[in-house]
Amino acid sequence: MKLRVTEYLDLDLDQDKWCCNKCGAVLNDADKNYKEACLIYERNPNEVHRPLVEAEYNFSPDPNWVRIIEFYCPSCGAQMETEYLPPGHPLTHDIEIDVAALKARVQSKELGIKEGRLYKSI
Amino acid sequence: MPIPTLEEKLAWMKPAPPMEYELACVEKLSLGSYEIGVQRTNDILDEAMEVFMRSSRSSMGVAGDSIVSLFTANGDLVNAASGTFLHGMIQSIVIKYILKNYAENPGINDGDIWFTNDAVYGGIHNPDVVVVMPTFYHGQLIGWTGAALHTSETGAIEPGGMSVSAKTRFEEGFNVPPLKIGQNFKLNNDFVEMAAAFGIRAPQMVVIDLKARSTAADRARTRILELADKMGVEHVVGLFRKMLIVAEQSARERIRSWPDGKYRSVNFSDGVGPAEGLVRTSLMIEKKGDRLLLDFSGTSPENFSSYNAHPQAIVGHVSNFVYEYVFHDLPVANSVFAPIDFYFPEGTCLSPDARAATSCSVMIATGVMSAVHNCFGKMMFCTQDWQQVTASAGNAGNALVVAGLSQWNMPYSDMLAYSLNSEGQGGKATGDGVNTFGFPWAVFGRAPDVETMENEFPMLVPFSQHWTDSCGHGKYRGGVGSAQLWVAYHERDVWFLCTADNTRLQTPQPIFGGYAPCTVPGISIRKADLLRRMQAGEFNGRLDLTEILDEQSIEGQWIIEFFARAARSFAHGDVITIAFATGGAGYGDPLEREPELVLQDLQNNIISFWSAENIYKVALDDSGRKIDQMLTSQLRQKEYHQRLQRGLKYQDFQAQWSQKMPPQEILHSFGSWPEGKPIQMIMRA
C-alpha cells in the first residue's frame, strides 16, 4: 500500500520505506530524510538561468549567493526535488511524516487510501 | 493605553468564544437561510468592493488591491470581499483593541469612523490604512465593517509609503494607533487635514482614498442594516456566528485529514532595504490531529532596514495563501485560524522591536509567502486536496513608485498597479501557472490599462508584454510575469524608487524538482535616444524586451543595478525603469514536460529556444515548427543518464558541501552562519 507523497516520492506503508514513484525503486527508511538516499548534484545556477546581459546583475542568480541542489532518483534519474541554497547551507529535511500515527489511522479506517491518496472514510 | 502584546495580537486574530445570545440566534436560523445568508454577505461585500474601487484615487485602490470585510460585534472576521486577505485578518486586532480600551473613553457609538495604520498596534505596515465602523441596529452593536487599502503616501523620508531607505520607525512618516476620526457618519475635518498634511506629496490621493475607505465600510454597514430589517437582527447575529462555526469546523476537518508530521521550507532574500544582504526565512509546520503550529525558528534576526515585519503581518501573509488555496471554499473567516498557532522568536525580522522600521514588511514576508506553498504542498499532496498544491508565485516585490508633479500640475506619489498585478502564478499540480495572473498579495486585483497610466502620470509606456523565460521551468512551469518600459514624458522630472529584491537570488523555492524563476535587475537608461527615434518613426510601433536586452538597442547611459532602488529623479526622455513583474516557480521535473507544450510556449514567446534546448531537452525538426520526437527522446534519455553519472551519494556530497559558505560580506544581516542567531545589537535612536 503506497501513498504518493510528492510528484516523485511514494511512502510504502507495508515496508515503511520511501520509494521512487516513477520507477518504484526503494530509497530508504521512512523515518529518514529521503534526500539522503538520492543522488545529489550541486548546479551552478547560470546553467539553468542564462545570463541575458553582460553585467554584474544579469537575470541569473549569483553563484556566490545561491546554488541549485538537485536530488535525483538513484535508479531512474528522475529529478525528485530541487532546493536553491546558499553555498554550504544545510539541506532541508522537508518531509517528516509520523508514519506510525498514519498507519494507525489507516488501520482504524479513519482514513482510506485510493489511487495513492488519503481520503476521509465515510 | 498599552501597545498590545504579541500574545494579545495573536489571540485576537482567533475567534472569541460564542455568547449564549449568538448561539440562540444560530438555533433560530431556518432551513436554507444560512446558505442564502452567506451568499447575501458575498453580494454585500462585492457591492461595497465595487464602490471602494470606483471611489479610490490611488492606483492600487482603482486596481482593487484592497478589501472590504464584515465582523461580529466582538470583532471576529466573518467574510470579506476578494482582495488583500491579509488586511482582513488584522482588523480583528484593531476592533478588539478598540473594544478593550476605548469603550468608555471616547466611547463607541453609531456613526463612528475609526482609523489605524500602525503595525505596532496590529497593522501590516504603515502604508496599509484601515477604516472600521461599528454596525448598530436600533442601539444594539451587531457587528463591524472595515475597508483597507494601501495609501500612496505617508510623509516618510521617501515617497510612496514604503520607504526602502528607512532604518527606524521614526523615518516612516505617520503611524496612527486606533483612533476615532469621525462621528455621526462624518469624518472629522481636523483629521482629514492632518492626513493631507502628512500626504503633502499627493494630498488629493490620500484624502480621496481616506473617504473611499469610509464610503466602502459604510456601504457594507448600510446593507447589513437592510438585511437586519428584512430578516431580523437575530438572523444577522446567528448568520455571522454560524459562519464562524462552519468555517472552523470545516478547517479542522480538512486539517485532520492530512498526515501528522513536520514540513519545512527555507527561503532566502537578498535585500535589506536598498542594500544587498542575505536573509533567511525558516518555516516548520507541525501538524498533529486537527491543529497546525507554524514555527519560524531559524529566521534571521531583525535588521537595520525597513525589511522587518511584525508577527500579525506574517499571519496576514499566511492568510493570503490559506484563503486562496487551502480554505478557498469557506467563508473568509478568522475562525479558520482557530486551530492554527504561531511561534515567532523575538528579535527576528518577523518579530522585531517596536522601534524597527517595518514599512516594507511585505517584502520580508515574501519568504513566508513562498514557504507556505512548499510546506502545505508537501502536507497535502498525498490527500484529496492534492489539486490545490501549487508552487510559489513570483513575489519579487515590483513595488515601483513614481512621484512629482503631473502633466496636469497635480502633485502625485503612487505605487503603480500594473507590475504589482501581473506576476506569474506558480506551476500547479494540475497544469502550468497562469501567465501574469495577478498580485500575490491580492490575486483578484486588476492591472490598469496603459492609457490610464499615461493619462495619470507624466510617463510614456511604449510596450507592455509577457516577459519571456521569466517563469520557473518544470513539468508544469510557472506563469511568466510582465515587462513594461516607462519613459519620463511631458517635459517633467519624475521621482522614482523601487521596493523589491530577487536580484542576486530568488526567494521562491520551486517544488517537486522544478526550477525557480529568473532573477531581476533594476534597469534604467538616462539620456535615452528612444523618444527621438520613436518620433522619427524608427520603431514602427514595435519594441521588444528581448531585442532591447540582446542588442541594447536603445542608446543612452544604461544603468543595471539592484532591483530595489532608493529615490532618484529622471528627466524627460529618460527610461525610468524597465518595470518587471516576476514569474512563478516551477513544478516538477522539466524532462517530464510534454514536448508539445514546450513547442506551444516557443510559438507564444513564453520561453526561449535556449530554454527549450537546455532545460527541456526538446529538439525541433528542420522546419522549426514541429517536435523531432526521436531526437527529443534521445536527448532526454541522455540527460537522465548524465544525472546518474554526475550525482553524488549523500555522504560524498556532504563532504564537499559542508566545506562551503557564502562570502562573509553578504552575511551582515543573516545572523550567525548557519544558525541565523543574532550576533549584533541593533540600536535605534
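Reader: How much area do chain A and chain B bury between them?

Author: About 6600 Å² is buried between chain A and chain B, with 59% of it on carbon and sulfur atoms. Keep in mind that this is a predicted model. On the chain A side, A:Tyr57, A:Phe59 and A:Trp65 supply 14% of the area buried against chain B, more than any other three residues.

Reader: How many residues does each chain bring to the contact?

Author: Chain A brings 71 residues and chain B brings 80 residues.

Reader: How should I read a salt bridge, and how many cross the interface of chain A and chain B?

Author: Here is the general idea: side chains of opposite charge can pair when their charged atoms come close. In this structure, 11 salt bridges are found across the interface of chain A and chain B. One of them links A:Glu42 with B:Lys660, whose closest N and O atoms are 2.6 Å apart.

Reader: Where do B:Lys378 and A:Asp94 lie?

Author: These two side chains meet in a salt bridge, 2.8 Å from N to O. B:Lys378 is in helix α12 of chain B and A:Asp94 is in the loop between β7 and β8 of chain A, so the pair joins two chains. Both B:Lys378 and A:Asp94 are buried.

Reader: And A:Lys120, is that residue buried or partly exposed?

Author: A:Lys120 counts as partly exposed because its relative accessibility is 30%, and buried would need a value under 20%. Its salt bridge partner is B:Glu253, with the closest N and O atoms 3.7 Å apart. B:Glu253 has 43% relative accessibility, so this residue counts as partly exposed too.

Reader: Which residue forms a salt bridge with B:Asp589?

Author: That partner is B:Arg643, the closest N and O atoms being 2.8 Å apart. B:Arg643 sits in helix α19 and B:Asp589 in the loop between β21 and α17, both of chain B, so the pair ties together parts that are 54 residues apart in sequence. Both residues are buried. Salt bridges with shared partners also join this pair into one network with A:Arg43, A:Glu47, A:Glu70, B:Lys617, B:Glu639 and B:Arg646.

Reader: Which strand of chain B does β8(A) join, and how do the two run?

Author: β8(A) is joined by 3 bridges to strand β8 of chain B, and the two run antiparallel. To find the place in the structure, look for A:Glu96, which stands opposite B:Lys262 in β8(B).

How values were computed: Residues numbered from 1 in each chain as written. Chains lettered and ligands numbered in written order. Predicted model: local features only at pLDDT ≥ 70, side-chain atom pairs only at ≥ 80, totals over all residues. Heavy atoms only, no water. Contact = heavy atoms within 4.5 Å. Buried area = accessible area lost by both parts, 1.4 Å probe. Salt bridge = Lys/Arg side-chain N within 4 Å of Asp/Glu carboxyl O. Pairing = 2+ DSSP bridges. Helix = DSSP H or I, 4+ residues; strand = E, 2+ residues; numbered from the N terminus. Buried < 20%, exposed > 50% of the residue type's maximum accessible area, 1.4 Å probe, protein only.
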